[in-house]
Amino acid sequence: MANKDAKVNNKKVKENSKNKKSFFKGFKAELKKVIWPTPKQLVNNTVAVITIVLITAIIVFVLDLAFESMNKYGVDKLKEVISNTNSVTENATQDNTTSDDGTASENETSNTTENQTTEDNTASNEEGTETNAENTQTQENVAE
C-alpha cells in the first residue's frame with residue numbers, strides 16, 4: 001500500500017514540474033510574439049496621455065470654480081430670500097393673531113425688532129461674522 005501511495009505522489013510531483021516547465025516555455029514564446037513600441041512611439045504615447053490628463057484636470061478645475069461660485073452667490077441669495085419670506089409670513093401671522101386688548105402694539109414692536117434682527121443677520125451672514133452670541137441675543141430680543 002505504501003508503495004502505491006509513494007508512486008502516486010511521485011507522479012504528481014513529476015507532472016507539476018512538467019507543467020511549470022511548459023508554463024514558462026509558453027510564457028517565453030508569448031513574450032516573443034509581443035510587438036514592443038519603439039522609443040519614439042513610447043514618447044508620443046506618453047505625451048498624449050499626459051496632455052489628456054492635464055486637459056481633463058483643467059476642465060474639472062474650471063467646473064469646480066463655477067459650481068463653487070454658483071453655490072456661494074446663488075444659494076446664499078436663495079437663503080436670504082427664504083429668510084425674508086419667512087419673516088414676512090411670521091409678521092402676517094402675528095398681525096392676524098392680535099387681540100383687542102391692546103396687544104397689537106406689542107406685536108408690532110416685536111415685528112419691527114424681528115425685521116431689524118433679520119436684516120442684521122443677513123448683513124452679518126454676507127460678511128461672515130455672525131456668532132452664536134448674536135443669535136442668542138436676537139432670540140432674547142424676539143422673546144421679549
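**A cluster of aromatic rings**

Tutor: Happy to! Phe-23, Phe-24 and Phe-27 are linked into a cluster by ring pairs. Please keep in mind that this is a predicted model.

Let's go through the pairs. The structure holds 2 aromatic pairs. One of them joins Phe-23 to Phe-24 in an edge-to-face arrangement, with 5.3 Å from centre to centre and 70 degrees between the planes. That angle is over 60 degrees, so the pair counts as edge-to-face. Phe-23 also pairs with Phe-27, and here the rings are stacked, at 6.2 Å centre to centre with 20 degrees between the planes. This pair counts as stacked because planes under 30 degrees apart are given that name.

Phe-23 and Phe-27 are 4 residues apart in helix H1, so about one helical turn separates them.

Now for the surface. Phe-23 has a relative accessibility of 53%, so it counts as exposed. Phe-24 is exposed too, because its relative accessible area is 54%. Phe-27 comes out at 47% relative accessibility and therefore counts as partly exposed; the cut-off for exposed is over 50%.

Definitions and conventions: Residues numbered from 1 in each chain as written. Predicted model: local features only at pLDDT ≥ 70, side-chain atom pairs only at ≥ 80, totals over all residues. Heavy atoms only, no water. Phe/Tyr/Trp six-rings, centres within 6.5 Å; stacked < 30°, edge-to-face > 60°. Buried < 20%, exposed > 50% of the residue type's maximum accessible area, 1.4 Å probe, protein only. Helix = DSSP H or I, 4+ residues; strand = E, 2+ residues; numbered from the N terminus.
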